[in-house]
Amino acid sequence: MEISSTREYPMFLFDIIRFPMLLYFSVFFLFAEESRFIGYLFVLYMVLSQLTYRFTTRVQLEGGHLRIEYRQFFFRREKLVGLKGMVMTLQDYQYVIIKGTDKTKKYLLSVVVNGKRVYRLDTKEGYTKEAFLELMQAVGRATVLE
């Protein structure tokens, strides 16, 4: 069982939610001299937080492990998570940051092993709710290796 992202990492970095905020605040702080330094720190924080975000490219169920391939700061990485003690939860949320943005519900799939969240997948990375549900069913039917 495998699910792959429909989005690309470079286009993900140009997030339509954060980019207008970044543009607005950078122009605002450009003209306000007394708070320019704080503004530049805020803009730097927003850029670095977007770059260090884990963008999941593929999730694959093989054997008794869940293989998660992701990109972080332009590097490809891989994480293996054992199925023993794993619980997957699906939550729905909605962006309320900027008026007029996409009103569709977003979903967050959390992978928890022994009470500790080890990974999370988001629909803004290019996945659908149906893909998440299919993955959860496949993990539920998989055999757990010791």
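**Close-up views of a predicted model**

**View 1. The loop between strand 3 and strand 4.** Phe73 is found in the loop that lies between strand 3 (65-72) and strand 4 (75-82). The model is predicted. Although Phe73 is not a glycine, it has a positive phi of about 55°. Phe73 counts as partly exposed, at 39% relative accessibility.

**View 2. A nonpolar surface patch.** Phe37, Ile38, Leu41, Leu44, Leu48, Phe73 and Phe75 make a nonpolar surface patch of about 730 Å². Helix 3 (residues 36-51) supplies the largest share of this patch, with five residues. Phe37 is found in helix 3, and with a relative accessible area of 63% it is exposed. Phe73, from the loop of the previous view, also belongs to the patch.

View 3. Four strands form an open sheet in the order 1-2-3-4, with antiparallel pairing. Strand 1 (2-4) and strand 4 stand at the edges and have a single partner strand each, so one side of each is left without a neighbour in the sheet. From one strand to the next, the twist averages 15°.

**View 4. Strand 1 beside strand 2.** Strand 1 pairs with strand 2 (residues 55-62) in the antiparallel sense, over three bridges. Ile3 stands opposite Val59 of strand 2. Strands of a sheet pair through backbone hydrogen bonds, in either a parallel or an antiparallel way.

**View 5. Strand 5 beside strand 6.** Strand 5 and strand 6 run antiparallel and are joined by eight bridges. Leu90 stands opposite Leu109, which is in strand 6.

**View 6. The loop between strand 6 and strand 7.** Asn114 has its place in the loop between strand 6 (106-113) and strand 7 (116-122). Asn114 is not a glycine, yet its phi is positive, at about 55°. With a relative accessible area of 66%, Asn114 is exposed.

How values were computed: Residues are numbered from 1 along each chain as its sequence is written. This is a predicted model: local features need pLDDT of at least 70, side-chain atom pairs count only at pLDDT 80 or more; totals for chains, interfaces and linings use all residues. Side-chain values use heavy atoms; hydrogens and water are left out. Patches are made of residues with over 30% relative accessible area and no salt bridge: like charges are joined within 9 Å, nonpolar side chains (Val, Leu, Ile, Met, Phe, Trp, Tyr) within 5 Å. Accessible areas come from the Shrake-Rupley method with a 1.4 Å probe; for residues, only the protein chains shown count as cover. A salt bridge is a side-chain nitrogen of Lys or Arg within 4 Å of a carboxyl oxygen of Asp or Glu. Helices (H or I, at least four residues) and strands (E, at least two) are DSSP runs, numbered from the N terminus. Buried means under 20% relative accessible area, exposed over 50%, partly exposed in between (1.4 Å probe, protein chains only). Two strands pair if DSSP finds at least two bridges between them. Axes are lines fitted to C-alpha atoms, for helices over the stretch in contact, and angles run from 0 to 180 degrees between N-to-C directions.
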